[in-house]
Protein chains: 2
Amino acid sequence: MAASTMAAPTAELPAADHLETPMATSRTPIRAILAATDALAGERVVVGGWVRAGRVQCGGTMAFLTVNDGSCHASLQLVVEAAWVAHPPLARLATTGTSVLVSGVLRVPPGKSKERIELGVEAVIEAGEVDDPAAYPLPKTRQLKLDHLRDFLHLRPRNDTIAAVARMRSELTFATHSFFRELGFLCVHTPIITTNDCEGAGEMFQVTTLFSQAQKADRELKLKLAAHHEHDADDDEEGTVSFESDFFRRQAFLTVSGQLQAEAYACALSGVYTFGPTFRAENSHTSRHLAEFWMVEPEIAFANLQDIMNYAESYVQYLCKWLLEHCMEDMEFMAKTHDKSAIERLELVSSTPFERVSYTKAVEILMGSAGSKKFQTKVEWGIDLASEHERYLTEVIFKKPVIVYNYPRGIKAFYMRLNDDQKTVAAMDVLVPKVGELIGGSQREERFDILKQRILDAGLPMESYEFYLDLRRYGSVKHSGFGLGLERMLLFATGLDNIRDVIPFPRYPGKADL
Amino acid sequence: MAASTMAAPTAELPAADHLETPMATSRTPIRAILAATDALAGERVVVGGWVRAGRVQCGGTMAFLTVNDGSCHASLQLVVEAAWVAHPPLARLATTGTSVLVSGVLRVPPGKSKERIELGVEAVIEAGEVDDPAAYPLPKTRQLKLDHLRDFLHLRPRNDTIAAVARMRSELTFATHSFFRELGFLCVHTPIITTNDCEGAGEMFQVTTLFSQAQKADRELKLKLAAHHEHDADDDEEGTVSFESDFFRRQAFLTVSGQLQAEAYACALSGVYTFGPTFRAENSHTSRHLAEFWMVEPEIAFANLQDIMNYAESYVQYLCKWLLEHCMEDMEFMAKTHDKSAIERLELVSSTPFERVSYTKAVEILMGSAGSKKFQTKVEWGIDLASEHERYLTEVIFKKPVIVYNYPRGIKAFYMRLNDDQKTVAAMDVLVPKVGELIGGSQREERFDILKQRILDAGLPMESYEFYLDLRRYGSVKHSGFGLGLERMLLFATGLDNIRDVIPFPRYPGKADL
């Protein structure tokens with residue numbers, strides 16, 4: 001199995017018809033090898049991956065390489081004898097970061113070894129060297145801090161923690177699709193570019209081609225701004241341009257939520273969910289905010305507030321059980337290195353019915369705790385609960401997930417269904433230990449007159465919401481939905497503290513690397 | 001089962017603690033009822049949905065409602081007797097578009113009927129009337145054209161065709177995740193906002209907060225534009241602003257492809273794929289272009305060109321088989337109403353090995369066909385194959401899917417691996433009947449020096465690609481990937497002609513409704 005087997009001679013064809021023999025299909029993932037342990041001893045396999053650590057021993061005649069291919073947390077030990085390998089020299093091969101594609105025979109290591117199986121390499125099919133080992137940003141010699149790794153977004157998946165997060169994130173994605181499909185819900189791709197502002201208040205990114213148009217025309221961009229009076233601006237007057245000449249002929253934004261559009265689909269197809277990126281142009285530099293993050297938003301016709309509490313509870317429990325079932329190796333690593341209680345927390349949440357308590361009751365409890373617990377923000381009926389209050393409820397008072405429902409209308413969005421008391425809306429938040437709010441949802445206002453009044457009260461431009469009112473004009477139904485932030489779920493599951501470490505390419509003020 | 005059961009009295013709790021009994025969990029999807037057919041006769045069920053058509057008969061004492069809930073193409077017939085229902089009047093209930101949540105008993109219809117099962121309604125739990133039936137945009141009285149429906153994006157999922165597309169799109173999404181997960185590939189969420197231009201040529205949307213900043217400051221936006229010389233602009237000089245004051249402190253764009261970032265993950269974790277929205281600010285008004293569309297992009301370490309041909313072929317066949325297995329009712333509807341050959345096409349593609357032909361050979365074949373077929377664009381070695389050529393190859397010459405590989409370097413992107421002939425690159429396109437190119441992919445250039453030269457030759461700013469070169473500096477591997485446009489796949493599968501009908505909320509020049 002030398003490199004030459006990669007290029008089967010096809011002399012009779014012109015050069016442009018040449019194709020190498022496939023290489024990927026013959027490769028065995030390390031996960032499959034380690035899962036089978038010594039059952040595979042004696043098998044000939046092809047393995048590819050990156051050297052995490054290597055050492056040359058026995059007077060330079062043997063190299064031991066710890067190789068990881070990302071298929072699982074654990075690495076496989078490769079034993080390379082100089083006699084078998086012409087190039088590159090063993091010392092180069094043993095450099096951290098080097099890539100190798102090798103063939104060899106699996107075997108139980110001789111003598112005492114912590115490995116249960118290793119690979120005796122017989123041929124190095126391909127090797128990708130590390131150009132300048134001293135410059136490699138992920139040397140094995142030091143424990144790299146996560147904030148340092150954020151400067152190397154393109155290389156950090158070679159780090160154990162980031163790799164574990166990647167595997168867990170992928171599994172949570174699949175679990176999400178599985179959960180909702182089992183319920184018969186349809187995955188709907190709601191738009192990313194929108195002319196609609198779901199919350200009516202968000203800090204939104206604008207999407208435009210005006211700059212590149214001006215660049216092409218090689219001129220200064222001058223735009224007269226007058227909110228909601230775009231027609232005041234004029235293409236000709238003093239060389240200014242208006243949004244009329246923009247790609248969508250008006251202002252367009254990045255979505256802050258797919259909810260309103262998902263409602264349109266729910267009001268035709270019953271159960272739907274959207275799972276995609278959402279955006280906030282908030283100038284937040286905290287460890288809990290991103291400018292771009294992924295949301296899961298189910299929307300369900302013929303469902304009321306209590307229904308979505310039930311769905312939300314089942315969904316979170318499903319995710320926890322899924323991780324315990326499919327990601328135990330990574331969970332154990334996270335528990336060992338980052339958060340001792342990570343596994344216990346998943347087990348608790350997956351097996352404990354969630355407490356359900358009204359906002360009014362929650363405020364009473366928090367006010368009653370004033371003696372024993374000082375909050376930074378004083379608790380009184382009408383405030384938006386802060387993270388400190390949410391975590392106190394779930395971690396100290398109830399010691400399990402809590403669903404708080406029926407919030408004051410004044411602190412919630414216009415589309416949430418007004419309760420009969422006229423003071424509260426049919427909203428609910430799911431609070432979990434470690435992160436506080438994991439899910440926010442509500443029953444939607446399905447009554448035309450009340451919804452219209454609430455849009456007016458909120459001072460929103462009615463014409464943007466005509467489509468939304470149409471859903472109430474033509475066969476309105478009670479319906480409800482919620483949103484789960486995937487990154488919040490990952491913070492909860494991994495025990496990591498910074499949201500920038502649970503998304504592959506974090507975006508925040510001043511940062512959109514790659 | 002009257003409306004009052006929805007509101008269980010909870011007199012001992014304050015109003016804000018009030019919760020209705022859940023309603024969604026007791027509802028039976030129509031799909032489940034029709035799948036079981038008469039096996040469910042005699043069962044009491046709750047059904048919710050929208051009236052597609054209704055008629056009042058027997059002197060106004062009975063209404064027959066054809067109700068659809070989106071769970072499947074077929075509707076259930078509801079029989080409502082006036083004696084059972086106080087409100088609304090039967091004539092209102094029978095109006096197209098009305099929503100109903102009813103309980104009743106399933107039964108085999110008496111006498112001759114095309115229905116195998118119907119629901120004898122005993123209580124109307126909820127009904128959402130159509131405010132002004134004459135204004136309802138989807139009346140039953142006329143066959144609505146798809147282009148007309150595009151003006152009602154929020155209501156068109158109530159149309160049979162759009163609903164069928166939604167179900168097929170959802171299934172293709174799940175099939176995609178299933179396929180790659182079975183291969184052990186990780187789903188990676190590559191960024192939407194990027195400072196990088198993958199193709200180096202794309203028409204990109206810019207993402208900015210400069211307009212809203214200027215709006216808040218209530219001033220005109222004046223921006224001096226000078227490509228790649230952002231420091232020339234100055235915040236103070238003449239009141240102009242620079243991208244330094246933008247959210248990301250430089251120009252940021254919407255991604256045109258997640259490939260480059262997916263490569264970073266593949267060069268650490270081996271097999272990955274990204275599935276998300278991508279954007280092109282092309283001023284195209286055709287039936288084949290969108291400004292926002294969804295792409296599936298696997299990226300595989302230790303894989304060469306032939307490997308990804310194999311993966312691409314398996315993936316497309318998997319999708320076809322999945323649709324035949326899970327969406328047959330919708331496929332039959334599409335075949336009946338839009339494209340007779342839709343099912344045959346899926347069967348052909350799912351069961352036939354794909355033809356593989358080099359670009360050079362394909363050009364020879366096309367040139368040899370010049371006698372029998374006139375092309376709008378003349379064929380000669382070096383041209384980018386147009387849709388007419390692609391379709392001719394797959395539909396007329398081979399009558400099956402074709403993979404064309406080894407394209408001239410001059411018409412392909414800088415990152416594609418240069419072949420030994422120096423004239424072609426290791427690229428491949430999968431062509432299928434009806435749409436032509438369905439997949440485009442390549443082996444990536446893994447050799448540092450050659451890649452660097454190609455970046456220079458393409459005139460791209462080197463600093464943007466340092467991360468990409470790093471992947472070749474530190475343990476480079478042969479790797480390859482491809483991209484499939486989900487909407488193309490849907491055009492292929494459904495037989496529909498306009499791409500705007502296979503995405504829920506199409507975006508194109510001048511249009512970003514909702």
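A salt bridge is taken here as a side-chain nitrogen of Lys or Arg within 4 Å of a carboxyl oxygen of Asp or Glu. By this criterion, 10 salt bridges are counted between chain A and chain B in the structure, which is a predicted model. Polar contacts across the interface of chain A and chain B amount to 64 residue pairs, both members of each pair being at pLDDT 80 or more. On the side of chain A that touches chain B, the greatest contribution comes from helix 4 (residues 160-182) of chain A, which provides 12 residues. The residues of this side of chain A comprise 73 nonpolar, 42 polar and 32 charged residues.

In total, 147 residues of chain A are in contact with 146 residues of chain B. The two chains bury an area of about 12,200 Å² between them, and carbon and sulfur atoms account for 61% of this area. Of the area that chain A buries against chain B, 7% is supplied by His189(A), Phe302(A) and Tyr474(A), more than by any other three residues.

The chains are also joined through strand pairing. Strand 9 (residues 221-223) of chain A runs antiparallel to strand 9 (residues 221-223) of chain B, and 3 bridges connect the two strands. Within this pairing, Lys222(A) lies opposite Lys222(B).

Within chain B, an open sheet is formed by 8 strands in the order 6-11-12-17-16-15-14-13, with mixed pairing. Strand 16 (residues 436-443) and strand 17 (residues 479-485) of chain B are antiparallel and are joined by 5 bridges. Ile439(B) has Leu484(B), in strand 17 of chain B, as its bridge partner.

Helix 6 (residues 259-269) of chain B is largely enclosed by the rest of the structure, because 11 of its 11 residues are buried. The buried residues of this helix include the charged residue Glu263(B), together with Gln259(B), Gln261(B), Tyr265(B) and Cys267(B). Leu260(B), Ala262(B), Ala264(B), Ala266(B), Ala268(B) and Leu269(B) are likewise buried in helix 6 of chain B. Ser270(B) follows helix 6 of chain B and has a positive phi, near 75 degrees.

How values were computed:
Residues are numbered from 1 along each chain as its sequence is written. Chains are lettered from A and ligands numbered from 1 in the order in which they are written. This is a predicted model: local features need pLDDT of at least 70, side-chain atom pairs count only at pLDDT 80 or more; totals for chains, interfaces and linings use all residues. Side-chain values use heavy atoms; hydrogens and water are left out. Contact means heavy atoms within 4.5 Å. Buried area is the accessible area (1.4 Å probe) that two parts lose on being put together, summed over both. A polar contact is a pair of N or O atoms within 3.5 Å; within protein, one must be able to donate a hydrogen and the other to accept it, and residues adjacent in sequence count only if both atoms are side-chain atoms. Helices (H or I, at least four residues) and strands (E, at least two) are DSSP runs, numbered from the N terminus. Two strands pair if DSSP finds at least two bridges between them. Buried means under 20% relative accessible area, exposed over 50%, partly exposed in between (1.4 Å probe, protein chains only).
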